[in-house]
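Welcome to a short tour of a structure, written for someone who likes to know which residue touches which. Please keep the sequence and the 3D view open while you read.

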Amino acid sequence: MADIVLDGVSKRFDDGYEAVKDMDLEIKDGEFVILVGPSGCGKSTALRMIAGLEDITEGELRIGGDVVNQYAPKDRDVAMVFQNYALYPHMTVRENMAFPLKLGEVPKEEINPKVEDAAKILDLEQHLDRKPANLSGGQRQRVAMGRAIVRDPKAFLMDEPLSNLDAKLRVQMRTEVARLQKDLSTTTVYVTHDQTEAMTLGDRVAVMRSGVLQQVDTPAELYQRPRNLFVAGFIGSPAMNFMPAKLEGATVKLPFGDVRLTDEQRRALGDRDGDVIAGARPEAFEDAALVGEGRERGQTFKAKVDLVESMGSELYVYFPIESERLESKDLDELAADSGAADVPGSDVNQVVARLDPASKVQRGEEAEIWLDTTTVLFFDPQSGERLGAEQR
Amino acid sequence: MKRGTREYTLWSIGLFVILAASLIPVIWIASLSLKAPATIGEGGFFPTEWTFDNYESLFKGGLDSPLLRPLINSIVIALIATTIAIVLASFTAYAIARLEFPGKLLILGGALAIAMFPPISTVGPLFDMWRNLGLYDTYAGLIIPYLTFALPLAIYTLVAFFREIPFDLEEAAQVDGATPLQAFRKVIVPLAAPGMFTAAILVFIFCWNDFVFAISLTSSDASRTVPAALAFFTGESQFTAPTGNIAAAATLVTIPIIIFVLIFQRRIVAGLTAGAVKG
Amino acid sequence: MTGAAEPAASEAASPEPAPKVSDRTRSERRLAWMLCAPAVIAMLLVTAYPIGYALVLSLQEVDLRFPDEGGFVGFENYATVLSSDLWWQGLFNTLFITVVSVAIELVLGMIIALVMYRAIFGRALVRTSVLIPYGIVTVVAAFAWFFAFDPTSGFVNQLPFVADDKAWFGDRWSAMSVIIAAEVWKTTPFIALLLLAGLTTIDEGLYEAAKVDGANAWQRFWRITLPLMKPAILVALLFRTLDAFRVFDSIFVMTGGGQDTESVSIIGYNQLISRVNLGLGSAVSVLIFVLVLLIAFIYVRGFGTAIPGRERGAN
């Protein structure tokens, strides 16, 4: 077990493409860190550099204090779980799991107990003598995990290990992975593009975009205090709603009307005035009829409801807002990544609100909606930085 | 289900015609080989008198017999050429399928061009060179030119097979603690073995089939292969045509091909079309 | 002291800033070239060298029957070849056999591929049986067809509607027909299998969509199957055209080049090996080689045939 330190690590490919730019990341011994970001953001390249499958162009990588830039994968003592599991098709489950031990010249009599132990943990005992081709997707995934844990390596590296499973199994395996990591407390770096997976699994989450690390924080911190528009929009489902706003002293003009800022909000904004981008999470909205105490913290307004989706435990309500379209590179990129850019009508500003299922809001009707304005975040329209983020 | 039965009949007829067209010439040569020498002139598809005389006379006289030496020559030469080609080609194919390096396309394109060379273009110089080097009418004198078509064929087939082995497996092996050589030996080779075997069958068939080099670069039974020997068969006496003997020898060398095809047809088809048709 | 990733060694020895090509890339390239070297050198030795030697021979007078004569004669051998009627007749024969047999093979091959693709039963059986002609030694196939058409031993003349005493190999065109028939029988399976592989890459859903859109079977073939199979068809044509152009074995066995049926390869063989006139024969060899290059060039440039194996070069 060991810590992993990326110190100004960059990766430039032969064609000049820079996949990872000057990345600094400290992963503590036993920590579970998630690398998350849209496809092509460099998260897999970063992981493969840690594994030694990809050269480091610049910077230093230390595992357990040793600089390992020039080490071959086999000399780094890390284990990796691949997206498609990379099980050796010509070996049985037992041979697959024993393979790293045999290569590590572990004495023969120690290999079998270790494999059996790992198989027991992962509930694979009855499959040990089968070939990967005869296993289900979930079983294969567990074999890949088994091959990693059997050697007790310095670190686990996982490259989207659950993305090939169907939705239900994925949730199940997610808890399994979390439990396993807690039990073994082995340093783990886990790559995913699924922000839900990132939020539920990691001690800390590192959000990447176009090769640049955006923010590294605990899931709660990322959610409540995103550093910029990109992180705010990427984390959370449904995504945060963004709308144009104008700061004028102690008030802010939102599309729903003018709102008075709290002292705390105003203090965080410094002496900033003028056009900004406001962000409100879907759960910051509520059906005005259902808001009891705390009503004074927010603003009530009327909106014509476009669509109501009932999830049973909550309602998603969509309504348009009167405002020009926001121009922001970050938002365009987020839209492109989620595929929203391809949906017709995506240029209309639409807000999604998560309401209590008791709400009687109907599609096509005018509804009274309440917004908790104390949770609204403000961003610089040019840089995308959250205003007040640096004062943390 | 009127349409169904009509379709069924149509495809059945199609299948039958294809089967008949492919097999009749083969059955014919086998049937010819079983005719008594005296009855060959009668014509007719099937023998009126069945006999194995034609086969017997092929092997009369042991090593001096018309067929035994050429048969041994053919087998040994094709086997050696195949082995050399597969070993050399598997290095190259592995590099092309797995590694990034400049010159990759040049090698592939060059191999294809060489595979397309008409053998007659090189046979003249080889004839002259082999006479000077003492390779004329030797095994080596045939094995070397066979590499011209064997190497490209093997490279193409093997590249296609190697590319089908997931790249991840090798990386997984490296992370699991294998050196590149161990990764190659313990992961790639076992997975590539069926492909290498298929390539070997194809290369063997091509070597077995060669005629131009075989008649140009040999002059005696010391190294003459079966196709060349067939063309130079003479009758028992100068008044009898060697038809029966040729038919018998032809049938004999066809039997291994039929066995190969029966056992490995799936693989041979995969090997033939590998690389050629994709995208 | 090669580029193997030995931590200790490389850590000590990297004083200057990281070069553009990393150590790992460089050692990967070195390994690749080392792996390719034996086969590449072997291919060059067995082809490039003899071709170059043929070029040299073709510019000299080299006749092994008269070893004392000889010397540099420039393009005289080419002039002799190109001004002889024999060469042009051989070239015509070769092109005729190539065009006719490849055309027939393409049509037959397509039909066989379609039958195999749609086969309700017996697909493996048909595949096995068509592989037999392909696997058979060309000389053996040629003998089978020769004996079948031979007036004394053959059964063809006993078939109805065929004259009992038809001398198939006594006339140029009937001899050519048998030669072409043997070629077609032997190599149609190759085309059929390539086309079948091309057929199986077409998404079955496209046919269903076209059916729903109202296309009949013929339209589906013309509008969907053929356009989508263009790459497979072109590759099959390229291979087979170049292969047919070197036709030798069948002609050698059936007529030996008699009755004006010689191909360019037969002419080359006769000059080189039978008459041991290496100078003149090498001129023929070089001309054949140039013609093959020309055909390949026309296919690749004119029809846009992709070189097989190239499309996946960049992972």
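Are C:Arg240 and C:Glu105 buried or exposed? Both C:Arg240 and C:Glu105 are buried, where buried means under 20% relative accessible area, exposed means over 50%, and partly exposed lies in between (1.4 Å probe, protein chains only).

## Before we start

This is a predicted model, in which local features need pLDDT of at least 70 and side-chain atom pairs count only at pLDDT 80 or more, while totals for chains, interfaces and linings use all residues. Residues are numbered from 1 along each chain as its sequence is written, chains are lettered from A and ligands numbered from 1 in the order in which they are written, and side-chain values use heavy atoms, with hydrogens and water left out.

Let's return to the opening pair. The side chains of C:Arg240 and C:Glu105 form a salt bridge, with N to O at 2.6 Å; the term stands for a side-chain nitrogen of Lys or Arg within 4 Å of a carboxyl oxygen of Asp or Glu. C:Arg240 sits in helix α9 (residues 217–245) of chain C and C:Glu105 in helix α4 (residues 85–118) of chain C, so the pair ties together parts that are 135 residues apart in sequence. Helices here are DSSP runs (H or I, at least four residues), numbered from the N terminus. Through shared partners, salt bridges join C:Glu105, C:Glu183, C:Arg240, C:Asp243 and C:Arg246 into one network.

C:Asp203 caps the N-terminal end of helix α8 (residues 204–212) of chain C, placing a side-chain oxygen 3.0 Å from the backbone nitrogen of C:Gly205. Just after α8(C), C:Gly214 has a positive phi of about 95°.

Side chains of opposite charge can pair when their charged atoms come close. Over all chains, a search of the whole structure finds 33 salt bridges. One of them joins A:Arg62 to A:Glu60, with the closest N and O atoms 2.6 Å apart. A:Arg62 is partly exposed at 22% relative accessibility, and A:Glu60 is partly exposed at 31%. Another links A:Asp183 and A:Arg179, with the closest N and O atoms 3.4 Å apart. A:Asp183 and A:Arg179 both lie in helix α5 (residues 167–184) of chain A, 4 residues apart, about one turn of the helix. A:Asp183 is exposed at 56% relative accessibility, and A:Arg179 is partly exposed at 38%.

A:Lys43, in helix α1 (residues 43–51) of chain A, is buried, with a relative accessible area of 5%. The side chain of A:Lys43 reaches the backbone oxygen of A:Gly37 at 3.2 Å. Leaving aside neighbours within four places in sequence, A:Lys43 is in contact (heavy atoms within 4.5 Å) with residues including A:Leu35, A:Glu160, A:His193 and A:Met208.

## Where chain B meets chain A

Here 16 residues of chain B are in contact with 21 residues of chain A. The two chains bury about 1,600 Å² between them, 65% of it on carbon and sulfur atoms; buried area is the accessible area (1.4 Å probe) that two parts lose on being put together, summed over both. B:Glu171, B:Val175 and B:Asp176 supply 39% of the area that chain B buries against chain A, more than any other three residues.

The interface of chain B and chain A holds 3 salt bridges. B:Glu171 and A:Arg48 meet in a salt bridge through their side chains (2.7 Å, N to O). On the side of chain B that touches chain A, α7 (167–175) and α8 (180–209) of chain B each supply at least two residues, and the largest share, 7 residues, comes from α7(B).

## Where chain B meets chain C

In this interface, 94 residues of chain B are in contact with 88 residues of chain C. The area buried between chain B and chain C is about 8,600 Å², and carbon and sulfur atoms give 78% of it. B:Trp11, B:Met116 and B:Ile120 supply 8% of the area that chain B buries against chain C, more than any other three residues. The count of salt bridges between chain B and chain C is 0.

Methods: A polar contact is a pair of N or O atoms within 3.5 Å; within protein, one must be able to donate a hydrogen and the other to accept it, and residues adjacent in sequence count only if both atoms are side-chain atoms.
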